[in-house]
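Reader: I am new to this structure and would like to learn how to read it, one feature at a time. Could you guide me through it?

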Amino acid sequence: MNQTVSYLWREPHAVDGFAAAVSLHSHTNQSKETLDFIAELSTDWRVLQPVMRWCERRCQRTTGIRPDYARSYWTPPLTPRLAFDLECQQIEEKLQRTAMVSLTDHDDISAPMLLRSLTSARQIPVSLEWTVPYGALTAQTAFHLGIHNLPSASGAEWMQRMAEFTAIPLTERPPKLLAEMLAELDQLPGVLIVFNHPLWDLYRIGDQKHRFLVNDFLAVYGQFCHAVELNGLRHWDENREVASLARQWNQLLISGGDRHGIEPNANVNLTRAASFTEFVYEVRRERQSHVLFMPQYAQPWKQRILNSTLAAIRNYPDFPVGSRRWDERVFHPDTDGNMTALSELWSGGRAPVYLAALLSIVRMMGAAPVSSGLRLAWNDSAAMRTALAERKV
């Protein structure tokens, strides 16, 4: 195993000797992102509960629709073309290297398939982030697996099989089905399987239960995982623990930016490969991985999370139709239960005044001088100094 972790702001020559850089794990407007977190916010922050309940009652009075956070979703602002170009631009301009980009929307391969229909597009791997429900009656969660570079001819078939698997309740799933599917994917030499953000308790079952299930998953299915992810949107404390987890299970570490907004991925993989398939061979067969963290990762983590959140509620007048306004990118069931953009549900096509005012206040957090003050308050340079203590992991 040959793996390194470098930091561009400390090691500007880390790219020397590498021919290309690979952007893994980023999202486009083809991803459907849950709004469950809104309901969780009102639970975690009791001070928000009266405000949330007032907004919900106001919404029901003005539209006749009761907020349904479980079914609602939002989509990131970048189209597949914009997302692909953003990732390429960072690599080509900042690193002066050939760019390879694998877009991984949640349970969807529309983005790479759309890009492949453009004759001007470069090689685009058919990839996705697969949601895999996991656990038992006492503790249930779901893990996200980055499935990169599916064969073009069978990509749609694989997508259907994965969607069907995700829809099966855990109590009804055939015991060997997941092993059989992962084994089939593993037998495809050009496919890369990555365990994305393994220690993020995304479904909030509790840290102890989550870690138990992670280790249980790796004990049974780790043989089919080719790497575990150092996530560019997670705090370094968590990434350090992922590095320890990888050592425990003899897993290779790999990058994954997890970009949802308009900031390019905060880490990439450096490679000597001339194609994405060759890069997969480098990871799977030669067990090489060279992770490079980009300068944006050195910024305070809370500030970066805020910026990512703000990107979801900003308007982008120059973007293609359907991606310009935040309420064109948020979807909710209408009175008949059909998923509809909020912009079509508002009276007059515009958000209510009270909500528009609230969003304006939130957006102010991303503007100077408020943003500068928050950056100082949230400075986590001590954690970064610890992170920089080791280059080889």
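Author: What follows goes from the whole protein to its strands, a pair of helices and a single residue. This is a predicted model, in which local features need pLDDT of at least 70 and side-chain atom pairs count only at pLDDT 80 or more, while totals for chains, interfaces and linings use all residues. Residues are numbered from 1 along each chain as its sequence is written, and side-chain values use heavy atoms, with hydrogens and water left out.

Reader: How many helices and strands does the secondary structure of the protein come to?

Author: Helices (H or I, at least four residues) and strands (E, at least two) are DSSP runs, numbered from the N terminus. In this protein there are 14 helices and 14 strands. Of the 393 residues, 52% are buried, where buried means under 20% relative accessible area, exposed over 50%, and partly exposed in between, with a 1.4 Å probe and protein chains only.

Reader: How are strands joined, and which strand pairs with strand 6?

Author: Strands of a sheet pair through backbone hydrogen bonds, either parallel or antiparallel. Two strands count as paired if DSSP finds at least two bridges between them. Here strand 6 runs antiparallel to strand 7 (residues 139-150), and 10 bridges join them. A hairpin of two residues links strand 6 to strand 7, and Thr-131 has His-144 in strand 7 as its bridge partner. Because nine of the 11 residues of strand 6 (residues 126-136) are buried, this strand is largely enclosed by the rest of the structure.

Reader: What is the order of the strands in the open sheet of four?

Author: The order is 3-4-13-14, with antiparallel pairing. Strand 3 (33-34) and strand 14 (339-341) are the edge strands, each pairing on one side only. Strand 13 (residues 330-333) is joined to strand 14 by three bridges, and Pro-333 stands opposite Met-339 in strand 14.

Reader: At what angle do helix 5 and helix 6 pack?

Author: Two packed helices are described by the angle between their axes and the distance between the axes. Axes are lines fitted to C-alpha atoms, for helices over the stretch in contact (heavy atoms within 4.5 Å), and angles run from 0 to 180 degrees between N-to-C directions. Helix 5 (residues 155-167) and helix 6 (residues 177-186) pack at about 160°, with axes 12 Å apart. They are therefore roughly antiparallel, a term for angles over 145 degrees.

Reader: Is Arg-240 buried or partly exposed?

Author: Arg-240, in helix 8 (residues 236-248), is partly exposed, with a relative accessible area of 28%.

Technical notes: Angles under 35 degrees count as roughly parallel, over 145 as roughly antiparallel, 65 to 115 as roughly perpendicular and the rest as oblique.
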